[in-house]
Amino acid sequence: MKKITALALIAITLVACKKETKTITRVDPKTGKTETVTVEVSPEEASKPKAIADSSGIYKQKFILEKGTTYPLVSYQREIQQLTSPDGKTVSGTSETTDEMTVTVNDFKDNIYDLTLNMVGKRMSTTANGKTVSIDTKKAAPKEENLKMDYIVSKGLAGNKLNVKMDVYGNIRSITGFEAVQNNLRKSIAGTVKDTKQQDAFVESFKAGFNEEMMKEQLSKNLKLIPTKGAKIGEKWTTSEDIDPSGKLKQTLTFTLVKVEDGKAEISVTGVIPSKSDKQSQNGMTHSMTMGGSESGKIIIDENTGWLLNQNLSVKTNQKETLSDGKQTQSMTKNSTTSIIINPSYK
């Protein structure tokens with residue numbers, strides 16, 4: 001009996017000494033690198049509501065972010081293309097792009113976060129026929145003339161900041177600071193583009209693809225990941241968007257809440273890029289093209305903060321072009337695999 005009592009006391013002691021911990025992903029202020037660390041939390045903090053909260057089996061997402069903390073939002077994309085020509089020869093190439101951004105929490109009042117979106121830097125590289133060319137805003141300008149303009153633009157954007165107002169549910173209320181970004185871009189290209197009218201045209205073209213509406217849409221896709229009404233484990237929901245300027249071709253993605261455990265929520269993603277066919281005849285020649293594809297991957301969200309820890313999607317497309325005069329036919333195929341990853345350093 002004494003031995004049993006002693007074991008019971010040891011067990012009670014171990015339970016009493018056990019520390020609550022949580023795993024967080026953040027940007028190290030000293031090195032600027034993204035890191036995933038396990039930290040101890042007080043009993044009071046451990047009992048706080050979670051960002052991914054369960055109510056009667058339905059999980060909803062909100063954001064519980066810490067003032068003064070910087071969160072990673074790094075986007076990485078790699079595309080591998082394989083082209084087979086009519087004579088059967090195959091060539092391949094790889095392109096990679098990394099947009100490094102972070103988000104710093106400045107303040108939180110009346111359920112609204114005041115955030116700074118930091119545009120840290122950009123890297124791009126292309127490899128084909130055994131040769132790689134690249135630009136990196138943290139390094140010197142490339143020697144290749146055809147890359148220098150891309151470098152100047154990317155360098156002009158690096159270091160800029162935007163102010164974001166977001167509510168606790170991930171709805172982006174406003175994004176400001178675009179005028180300062182455009183002015184810095186103009187200064188960056190001024191040494192290369194001397195004519196002010198050409199500068200104006202360049203900046204206007206840039207504004208068409210980098211503005212508040214576009215950034216709101218992009219941030220919402222990366223942050224607001226569970227439907228407002230919530231979802232049960234195993235529940236599916238879909239989104240649809242145009243992938244053709246005419247609006248006739250849409251891509252539908254299906255999301256499934258797989259699990260919420262160990263401080264993380266996991267969502268699976270599947271989708272089909274609808275097959276598209278086109279056929280045109282002129283001067284006795286018929287040109288036809290078919291294409292289609294699929295998408296799959298998963299998303300991981302921090303259960304405590306609601307922040308996106310990692311997104312890893314794979315998009316595969318297949319395209320075939322055929323040219324025929326009725327007697328002879330030539331075909332060319334192009335297959336590509338694109339990886340789209342948010343916060344690639346997440347482990």
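Predicted model: local features only at pLDDT ≥ 70, side-chain atom pairs only at ≥ 80, totals over all residues.
Confidence is lowest in helix α1, residues 2-17, where the mean is 50, whereas the highest value, 98, belongs to strand β10, which spans residues 161-167.

Helix α3, formed by residues 145-157, contributes a set of buried residues that comprises Leu147, Tyr151, Ile152, Val153, Ser154, Gly156 and Leu157. The elements covering these buried positions of α3 include the strands β8 (112-128) and β9 (131-136) together with the helices α4 (178-189) and α5 (196-209). Just beyond the end of α3, glycine 159 adopts a positive phi of about 95°.

Two of the helices that cover α3, namely α4 and α5, also pack against each other, with an angle of about 135° between them and a separation of 10 Å between their axes. Because angles over 145 degrees would count as roughly antiparallel and those from 65 to 115 as roughly perpendicular, α4 is classed as oblique to α5. The crossing of these two helices, α4 and α5, is right-handed. On the α4 side, the contact is made by Val181, Gln182, Leu185, Arg186 and Ile189, which meet Thr196, Gln199, Asp200, Phe202, Val203, Phe206 and Lys207 of α5. Sorted by class, the residues in this contact between α4 and α5 are six nonpolar, three polar and three charged.

Notes:
Residues numbered from 1 in each chain as written. Heavy atoms only, no water. pLDDT = per-residue confidence, 0-100. Helix = DSSP H or I, 4+ residues; strand = E, 2+ residues; numbered from the N terminus. Buried < 20%, exposed > 50% of the residue type's maximum accessible area, 1.4 Å probe, protein only. Contact = heavy atoms within 4.5 Å. Axes fitted to C-alpha atoms, helices over the stretch in contact; angles between N-to-C directions. Parallel < 35°, antiparallel > 145°, perpendicular 65-115°, else oblique. Left-handed = near helix turned anticlockwise from the far one by under 90°. Nonpolar A, V, L, I, M, F, W, Y, C, P; charged D, E, K, R; others polar.
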